[in-house]
Amino acid sequence: MAPNMSPRKVPIPEQKPEERVKNFNEVALGYTPEQAKEEATRCLQCKHRPCVAGCPVNVLIPEFIKKVSEGDFDEAYRVLTTENSLPAICGRVCPQETQCEALCVRGKKGEPVGIGRLERFVADYAMEKRSGEVPAIEKNGIRVAIAGGGPAGLTCAGELARLGYDVTIFEALHALGGVLMYGIPEFRLPKKLVEKEIAGALKLGVKIEKNVIIGKSITIDELFGDGFKAVFVGCGAGLPSFMKIEGENLNGVYSANEFLTRVNLMKAYDFPRSPTPVRMGKRVAVIGGGNVAMDAARTAKRLGADEVYIVYRRSEKELPARLEEIHHAKEEGIVFRLLTNPVKIVGKDGWVTGMECVEMELGEPDESGRRRPVVKKESNFVFPVETVIVAIGGTPNPLIRQTTPGLEVQKWGGIVVDEATMKTSKENVYAGGDIVTGAATVILAMGAGKKAAKAIHEALQNKIPA
Amino acid sequence: MYEILSKKKLNNNVEEMVIRAPYVARRCEPGQFVILRVDDEGERIPLTIAEYDAAQGTVSIIYQVVGFSTRKLSEKKAGESIADFVGPLGRPTQLHAHKRVIGIGGGVGAAPLYPQLRKLNDMGVAVDLILGARNKDLIILEDKFRAFCKNIYITTDDGSYGTKGLVTDKLKELVEAGNRYDEVIAIGPVIMMKFVSLLTRKYNLKTSVSLNPVMIDGTGMCGGCRVTVGGETKFACVDGPDFDGHLVDYDELMRRQGMYKTEEAHACKIGLKG
């Protein structure tokens with residue numbers, strides 16, 4: 001069959017902006033089988049598969065897309081999940097434009113193949129009709145502990161369970177998923193779907209201990225004492241960073257983590273039916289330009305804010321968020337105040353009333369390769385807001401490093417690992433995800449979890465009883 | 001699920017529950033706290049730990065029924081379970097082998113004070129105590145403290161028990177009468193800790209306070225409990241909950257605790273109110 005040479009992706013149906021800002025339902029509605037087949041035929045089935053090299057977990061992209069084009073969605077799902085245990089999630093939150101799709105040959109003239117959209121379609125299709133059957137795996141009885149039930153830990157757990165290990169995930173919160181549950185909002189990643197996909201990925205008998213904080217409830221050394229042979233640490237970079245500017249402790253200033261956790265995990269959007277409140281003014285400024293900033297801004301809009309601003313010190317080109325999120329945010333009426341940096345949060349009677357900012361301009365490139373923002377002289381101005389949400393990333397939680405002797409960490413708190421194996425300086429301890437890299441993406445964390453699982457297996461397989 | 005092994009009323013408004021929670025009990029130390037959710041729809045609330053028994057795997061919590069979630073908790077009976085119970089959170093109190101220490105417990109603040117003073121006594125420190133509350137009914141744990149405290153002074157706002165007056169009046173009287181203490185450990189309403197700290201600063205008397213403000217996760221994830229201590233922003237959940245009483249910005253803390261005041265029916269904070 002000749003490939004479909006349309007230069008553009010088959011559009012994905014979406015809720016209209018004016019409707020969706022009033023609800024928390026998912027924005028993108030997903031392809032129909034016909035649309036998916038049509039998009040799949042845009043794939044040229046390149047022999048050299050450049051897209052696969054762009055994927056941190058090496059999904060067999062042309063292979064699964066071929067099955068979609070043939071209408072064999074079950075087989076497409078099987079191919080897809082040989083390398084990725086959380087495809088419904090990745091299809092929605094991966095930055096495809098800088099990974100697989102960035103390397104797609106079709107992208108040279110027109111738009112790349114909609115790999116993310118197809119991944120999502122296949123996963124959703126399979127989830128609708130997935131059977132509860134569990135593949136028979138021969139258990140080897142070797143116990144491995146996973147600290148943190150986010151994307152890195154879940155992937156590592158799933159891979160090891162598949163290899164027959166007796167895996168236990170220790171999770172600090174009352175729900176698995178980490179940032180997938182507390183961070184990414186419902187309208188971008190429905191929580192029912194996350195729960196379902198996680199359950200599917202763990203159906204190989206992974207044990208789950210919720211409400212256990214490694215470093216507090218039990219230490220890594222105690223885990224070894226309890227008979228675990230290896231530990232994977234995937235606790236994320238959950239300690240929110242603040243700007244360290246005046247007024248940051250005023251009432252009405254949130255970290256994005258607090259704001260989003262209240263709304264997503266604790267369902268504050270449903271207050272008072274949900275007991276956790278979230279307090280928000282009519283004018284909201286979100287500091288930062290990443291996905292979390294977009295999520296916070298769009299959440300504030302849905303909670304009823306009249307004016308929502310993204311305040312970012314560089315220009316649009318440097319915004320680290322996914323293109324789709326920026327596009328959606330703009331459609332929903334979020335105002336971007338670019339080349340703007342807050343210097344002070346002003347308040348009255350203890351509550352935020354405004355934010356003082358300076359204008360920036362771009363100077364010479366800095367160590368990140370991006371042009372360094374420089375303050376324009378005497379450009380200070382104040383704009384009125386009642387709520388400020390700080391979304392400038394985070395650093396690793398100190399609990400593990402404080403309680404694990406022999407674990408080498410970077411100055412900023414990240415765990416030092418050998419990048420090929422994710423092995424730490426402490427024997428039989430591996431780490432991956434944001435706790436190693438600092439705030440990054442779901443898929444990079446999953447890639448690290450997968451790499452660690454492979455290395456753990458290599459280290460422990462000679463212990464498997466014959 | 002975490003089983004409620006026993007439950008009793010300490011007064012009209014304050015209750016004690018013993019919960020089976022082996023992970024918490026195993027590593028618990030004085031000064032630490034837990035976060036619990038009563039049921040799957042519940043909010044996460046921080047509560048201080050009054051007692052723990054590693055061998056039995058049990059933890060006892062004492063709480064005042066002040067808002068939506070503590071009311072829900074109060075409806076639970078022995079034999080029933082609560083959905084989530086996580087800890088021990090926060091840093092254990094740094095207890096020093098002093099000669100003599102005085103504890104000050106305001107209202108339910110007596111509960112987290114109890115394990116700290118008991119441990120000090122075990123370490124051979126002479127321990128005195130001032131228990132304060134609005135009235136007689138609100139004085140809790142007196143008998144337990146009597147078991148080891150050298151001197152116990154009770155103050156009530158209305159004079160219905162002990163001396164009429166505030167804990168600070170009693171502390172002032174004791175210090176000015178020539179009593180020497182190496183440290184004051186004050187736990188109670190923020191306003192009480194503020195005034196105790198103001199007083200002890202005058203005497204240059206080392207003072208430790210315990211903060212327990214709004215917390216969502218208790219693991220440093222949200223930053224909702226930030227507080228200025230010595231000019232630096234700290235997170236009460238991971239850097240505390242104990243801080244040098246002379247360095248805490250109490251006015252900011254009280255303001256931050258009032259953040260959800262209008263939603264008080266659903267009080268998401270369990271302040272240590274007297």
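At what angle do the axes of helix α4 (residues 61-69) of chain A and helix α5 (residues 73-83) of chain A cross? The two axes cross at roughly 170 degrees and come within 8 Å. That makes α4(A) roughly antiparallel to α5(A), a label used for angles over 145 degrees. Axes here are lines fitted to C-alpha atoms, for helices over the stretch in contact, with angles from 0 to 180 degrees between N-to-C directions. Helices (H or I, at least four residues) and strands (E, at least two) are DSSP runs, numbered from the N terminus.

The model is predicted: local features need pLDDT of at least 70 and side-chain atom pairs count only at pLDDT 80 or more, while totals for chains, interfaces and linings use all residues. Residues are numbered from 1 along each chain as its sequence is written, chains are lettered from A and ligands numbered from 1 in the order in which they are written, and side-chain values use heavy atoms, with hydrogens and water left out.

On the α4(A) side, the helix contact (heavy atoms within 4.5 Å) is made by A:Glu63, A:Phe64, A:Lys67 and A:Val68. Helix α5(A) supplies A:Phe73, A:Glu75, A:Ala76, A:Val79 and A:Leu80. These residues divide into six nonpolar, no polar and three charged. In that count Ala, Val, Leu, Ile, Met, Phe, Trp, Tyr, Cys and Pro are nonpolar, Asp, Glu, Lys and Arg are charged, and the others, Gly among them, are polar.

A:Phe64 also belongs to the largest nonpolar core, which has 100 residues; A:Ile61 and A:Phe64 touch the most other members. Such a core is a set of buried Ala, Val, Leu, Ile, Met, Phe, Trp, Tyr and Cys residues joined through side-chain atoms within 4.5 Å. Buried means under 20% relative accessible area, exposed over 50%, and partly exposed in between (1.4 Å probe, protein chains only). Helix α17 (residues 442-460) of chain A gives the most to this core, with 10 residues. Leaving aside residues up to four places away in sequence, A:Ile61 touches A:Cys51, A:Val52, A:Cys55, A:Cys100 and A:Ile115. A second, separate core of 53 residues includes A:Ile213, A:Leu239, A:Phe383 and B:Met192.

Between the chains, the contact takes 47 residues from chain A and 44 residues from chain B. About 3,800 Å² is buried between them, and carbon and sulfur atoms give 54% of that area. Buried area is the accessible area (1.4 Å probe) that two parts lose on being put together, summed over both. In chain B, B:Tyr23, B:Met221 and B:Met259 lose the most area to chain A, together 19% of what that side buries.

Chain B has a cis peptide bond between B:Gly87 and B:Pro88, with omega about -5 degrees. B:Pro88 is in strand β7 of chain B, as is B:Leu89, the strand covering residues 84-89. B:Leu89 is buried, at 0% relative accessible area. Another cis peptide bond joins B:Gly240 and B:Pro241, with omega about 10 degrees; B:Pro241 lies in the loop between α7 (236-239) and β16 (242-244) of chain B.

Two residues of chain A have positive phi without being glycine. A:Leu339, with phi near 50 degrees, is in the loop between β9 (335-337) and β10 (340-348) and counts as partly exposed at 25% relative accessibility. A:Met422, with phi of about 65 degrees, lies in the loop between α15 (399-403) and β16 (429-431) and counts as buried at 6%.

Definitions and conventions
Angles under 35 degrees count as roughly parallel, over 145 as roughly antiparallel, 65 to 115 as roughly perpendicular and the rest as oblique.
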